[in-house]
Amino acid sequence: MSTLVRPRQGRVLAGVCAAIANRFGWNVTLVRVLTVLAVVFAGLSLWIYLLLWLIIPARD
């Protein structure tokens, strides 16, 4: 497993989903779909996404 950093390439919004997918070796599209479903059906996950955007460092 790699470290949890937001990549410069492959971002859609902030790179949080790409960072999570890279960290755990998952498919980025799957993570993005699950994130959208979680935001639609459980609004709290939007706040978690924004918090992760602030916490996860960007790759230099």
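A polar contact is taken here as a pair of N or O atoms within 3.5 Å; within protein, one atom must be able to donate a hydrogen and the other to accept it, and residues adjacent in sequence count only if both atoms are side-chain atoms. The model examined is predicted, so local features need pLDDT of at least 70 and side-chain atom pairs count only at pLDDT 80 or more, whereas totals for chains, interfaces and linings use all residues. Residues are numbered from 1 along each chain as its sequence is written, and side-chain values use heavy atoms, with hydrogens and water left out.

With a relative accessibility of 10%, Arg 6 counts as buried (under 20% relative accessible area, with a 1.4 Å probe and protein chains only). A polar atom of the Arg 6 side chain lies 3.0 Å from the backbone oxygen of Ala 14, and the side chain of Arg 6 also reaches the backbone oxygen of Ile 56, at 2.9 Å. Beyond its neighbours within four places in sequence, Arg 6 is in contact (heavy atoms within 4.5 Å) with residues including Arg 11, Val 16, Trp 53 and Arg 59.

Not counting residues up to four places away in sequence, Ile 56 touches Leu 4, Val 5, Arg 6, Val 16 and Ala 19.

Attention now turns to H1 itself. Its buried residues are Val 16, Cys 17, Ala 18, Ala 19, Ile 20 and Ala 21, and H2 and H3 are among the elements that cover them. After H1 comes Gly 25, which has a positive phi near 75 degrees.

Helix H1 (residues 16-24) packs against helix H2 (residues 28-41) at an angle of about 130 degrees, with the axes 8 Å apart; axes are lines fitted to C-alpha atoms over the stretch in contact, and angles run from 0 to 180 degrees between N-to-C directions. The two helices, H1 and H2, are therefore oblique to each other, the class left once angles under 35, over 145 and from 65 to 115 degrees are set aside. On the H1 side, Cys 17, Ala 18, Ile 20 and Ala 21 make the contact, and on the H2 side Val 28, Val 31, Arg 32 and Thr 35 do.

How values were computed: Helices (H or I, at least four residues) and strands (E, at least two) are DSSP runs, numbered from the N terminus. Buried means under 20% relative accessible area, exposed over 50%, partly exposed in between (1.4 Å probe, protein chains only).
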